[in-house]
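Q: I would like to go through this model with you, one region at a time. Could we begin with how its strands are paired?

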Amino acid sequence: MLRRVRAELRQAADQMARRPDLCCGAIALTCALILPITFTCGPVKNVVAAARTPVRFFPEEVPVVDLFLGQLDEADQLREDADVSVMFYYAPWCAHSITARPHVQRVALRLAQQVQFVAVNCWWHYGKCRKQKRFFQYPIIHVYYRSFGPIEYRAPVHSEYLESFIQRVSRPLTYLPTQTALHTFLNHYQQGVVGYFEFNSSPQPAGYLVFLISALIALKRDHQVAVRFAVVTNQAVAEGVSLTEDESVYLHRRLNSSLVFPRTHRNLTAEAVCDWVYENRESVVHWIQPMGAKSYLLEEELLKGPALLTFLPHNPLQTNQLLTQVSEVALRYHSGCGSEGGVSAVWGCCWSLQGRANVCELCSSPSGMCLVRELQAVLDLYLRHVPVSSTSCGHVQNSYSPYSRYSACCRPLQKPERRPLLDDSITGLQCRTNKTLRFYLLDSELNWHLARRLGAPAARSALPFITIINLRDETHYLLNDTDSLERFIQNFSVPYSPLHRQLIGQEKQQHRSQSLIQEVTSHSFLDTVTDSQRDVVLLYYTGWCGFCTALNHVFLRLARLFQENSGVTVARVNVALNDLPWEFMVDHVPSILFFPRHRKQMSVKFPENTPVTLPNLLRFILQHMSHAPWAGSGGGAGSKSLLEAELQVLQQEVSSLQRARELLSHQLAVLWRENRHLTLQTHALESQNAELQAQSGRLETLYREKTRQLSDTVQRLQELADASEELLKENSLLKVLLDALRETDRDAQTDR
């Protein structure tokens, strides 16, 4: 094989040596083929214009270091040099980043002396931030306290909230020099943690650093800053909360007994202290700060039970008197089973159980069971030892469950004619009702659209908007201006609540005389339906219901039929936009109800298995109008006879229309068959026409070909004729020459 290749190469070299011009041509042809292939099949050219170099996102006069090229190394260096730094990661095109920019500017102008503000463009493609960070949303705000961080800020990006959070990170611990400051701290905040550390041995004891980091971890866990940390260095001040040992941590609780960190069972580490605080803390009032339109945070809280929502204007940088009042009411509501009989406050599961002669409120500690069977057994055990002749309260220890402790309060059952209201005191009301409330606070400036949907007035006011929502019963109630918050909670907590369910519906519409069908809303529903002088035919519909749309023409014809009758009202209500009283609700749409005059409580529903046609509707209305007690009177009989006559005329018209429809259907069938036959013939003629056109084209082509051939033949014949004529002329000359030669030859022979 190798020899053959060598021989062929040697032969090709010999040929190239003999023919150098052939060798140069082959080389030139090869280059001509390689160059187009190289330019055509090479790497794809970048036809997209390069991105513009980004510019500053923040103005130069704002004390924010704007790293608009994504210089992450410079950002880390600035963060390490500052005690407290704020990192604002943004995308210049992001609407949320653009909205947050003025708020960050205001905070930076106020805190420029204490905090280092750095903004990094994490969208620039060539920047290091874009390559290393994997952010799925913008902006991202991280706060660093020296080397600890990042602490992500997850609250609304408003200047007051952001500044309050940065200040809490800047001062994670509050120093309490006196007992007055200590008591003020414990009474002002819902949850307070106090650490006692002696600074005599070293500038910063190890326990103090652990406590400081635990406060920062708490900020990392809870951006709402519900738990506050404070430090005491004076032993006399520490004795105010019963702290005597160095490096002790005290958790203050208002409802239960306060706790001291068990150093004998747990190591004093930052994670352990933070876990212990969040395991044993009390939550009286919760702040709800939904992150956006698709947040499920509020829904998760409402699913836990009835909730009291308070919308109030809130500024985290200032003391809010309304917030203090709501917190005090919530504290009294959760303060246990009262002080009767020496019963202390118990925080846990509470349940009301009613017997034949008494009603008892049983509360269990957090370690106790919350099962109804367990609570019933404990209550039976308690009633065996305590006769219920008057109000009695006390503790009871379950014999077969030594880890569960309960407190019980029993009262005589009131008479049925008296409304079983609770006592006037709201203290410990949670332990005396099955409708245990959870208290929530919302900033009205950020959540006013939700308040408006719940029935808040259009104009905002300085007073809070308070509502109770019971998601399980699909009800909510509003606090009137004339009622107090305590009475509002008590009225909700009683077994037979006097509160009226709030109905949310469309705005009141102006009456339109040209409208055949009356549109009913939540505000006009009762006035329209309970009108004792008119029969009401009501259609329940929604905008998304296709079957409801199909019934519009039937109701329009029905409304035209009763247009001149002042005793019948044809109306409809959009149940998707209007809340209705429970007794008037339906289980599906579309539904048609008939409310006769003088007996509205005997409303009748149109049968579901009957087609909704105009004759069926009229028959349904007449059938239930005939059962009225006034049917025998003159007006009722005249109205009934008029409707019966109209129904007969309508039935005759329907019959004639049906016959006309059958005739028209027959004619349409005949026309359809004829049309089908004509269509088939048309297709056949079209195919024949296409074939004839194709044949005509072929003939025309053949004609042109034959004409061309004939022209060529004529031309050739003309050429032959010309050639023949030339030959004849030449032949004549030859004959003459031949005759001349012959004569010459003859003369020559004669002369001889």
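Predicted model: local features only at pLDDT ≥ 70, side-chain atom pairs only at ≥ 80, totals over all residues.

Q: Which sheet do E20 and E22 belong to, and in what order do its strands come?

A: They belong to an open sheet of five strands, ordered E20-E22-E21-E23-E24, and the pairing is mixed. Strand E20 (518–520) and strand E24 (604–605) are the edge strands, each pairing on one side only.

Q: How many bridges link E21 and E22, and is the pairing parallel or antiparallel?

A: Seven bridges link E21 and E22, in the parallel sense.

Q: Is E22 mostly covered or mostly open?

A: E22 is mostly covered, with six of its seven residues buried.

Q: Which helices lie across this sheet?

A: H18 lies across E21, E22 and E23, and runs at about 155° to E22. H19 lies across E21, E23 and E24, and runs at about 30° to E23.

Q: Which residues of H18 are buried?

A: In helix H18 (residues 552–561), the buried residues are Val 554, Phe 555, Leu 558 and Ala 559. These four cover an arc of only 135° around the axis, so they lie on the same side of H18.

Q: And what do the buried residues of H18 pack against?

A: They pack against strand E21 (535–541), strand E22 (568–574) and strand E23 (591–595), and also against helix H19 (614–625).

Q: Changing topic: which residues have the most contacts inside the largest nonpolar core?

A: Phe 88 and Phe 117 have the most contacts inside that core, which has 53 residues. Helix H8 (residues 206–221) contributes the largest share of the core, eight residues.

Q: What does Phe 88 touch, leaving out residues up to four places away in sequence?

A: On that basis, the residues touched by Phe 88 include Phe 57, Phe 58, Val 104, Val 118, Val 120 and Ile 140. Ser 97 and Pro 139 are also among them.

Q: Why would such residues gather in one place?

A: In soluble globular proteins, nonpolar side chains tend to be buried together.

Q: How do E12 and E18 pair?

A: Strand E12 (residues 307–312) and strand E18 (residues 465–470) are antiparallel, with five bridges. Thr 310 has Ile 466 of E18 as its bridge partner.

Q: Finally, what are the totals for the chain?

A: The chain has 20 helices and 24 strands, and 38% of its 752 residues are buried. It exposes about 45700 Å², of which carbon and sulfur atoms supply 54%.

Key. Residues numbered from 1 in each chain as written. Heavy atoms only, no water. Helix = DSSP H or I, 4+ residues; strand = E, 2+ residues; numbered from the N terminus. Buried < 20%, exposed > 50% of the residue type's maximum accessible area, 1.4 Å probe, protein only. Areas by Shrake-Rupley, 256 points an atom, 1.4 Å probe, with all protein chains shown as cover. Arc of directions from axis to C-beta. Contact = heavy atoms within 4.5 Å. Core = buried A, V, L, I, M, F, W, Y, C linked by side-chain atoms within 4.5 Å. Pairing = 2+ DSSP bridges. Axes fitted to C-alpha atoms, helices over the stretch in contact; angles between N-to-C directions.
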